[in-house]
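Dear colleague,

Please find the structure below, followed by a short account of what was found in it.

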Amino acid sequence: LGRIYFQVNVEDASTRHDATGIIIVDVGSQAVQMFDRLGRQYGNRPDPGYPLKAGEVDALKAGMSIKVGMKPVKLVTALPEEAFRSGEFFLRKEHDQRVKEEKRREKESAAAQLAK
């Protein structure tokens, strides 16, 4: 028994947290914690987090909705533990922006080369 990681969309996006986050389900204690893209924890529940109903943990799969505390979230995709541990999930937004910026620079330099 370990932990299951899911990327989630918060169905109530009118909060200070990003609309996309990650939940960690502790299978042994049947509890869940949620974090936003910046690594901030939702709520102030200490480990292991908000309790889940008995059969809920076994039935978790992408596409379904659950409640973390009072907040409804939709499970998007399961994530490997490494994506959470390495910080890859939290850095994804920065990475995407960096790639977009590099592509823009490449286009500008290609346009400058053609103009010569």
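A residue is called buried when its relative accessible area is under 20%, exposed when over 50%, and partly exposed in between (1.4 Å probe, protein chains only). The model is predicted: local features need pLDDT of at least 70, side-chain atom pairs count only at pLDDT 80 or more, and totals for chains, interfaces and linings use all residues. Residues are numbered from 1 along each chain as its sequence is written, and side-chain values use heavy atoms, leaving out hydrogens and water.

The protein has 3 helices and 6 strands, where helices (H or I, at least four residues) and strands (E, at least two) are DSSP runs numbered from the N terminus. Their order is β-β-β-β-α-β-β-α-α. Of its 116 residues, 33% are buried.

Ile 24 lies in strand β2 (residues 20-26). With a relative accessible area of 4%, Ile 24 is buried. Its contacts (heavy atoms within 4.5 Å) beyond four places in sequence include Ile 4, Val 32, Phe 35 and Phe 84. The C-alpha atoms of Ile 24 and Ile 4 are 5.7 Å apart, although 20 residues separate the two in sequence.

Strand β3 (residues 31-36) is largely enclosed by the rest of the structure, because 6 of its 6 residues are buried. Ala 31, Gln 33 and Phe 35 cover one side, while Val 32, Met 34 and Asp 36 lie on the other. Strands pair if DSSP finds at least two bridges between them. β3 runs antiparallel to β2, with 6 bridges, and antiparallel to β4 (residues 50-51), with 2 bridges.

Yours sincerely
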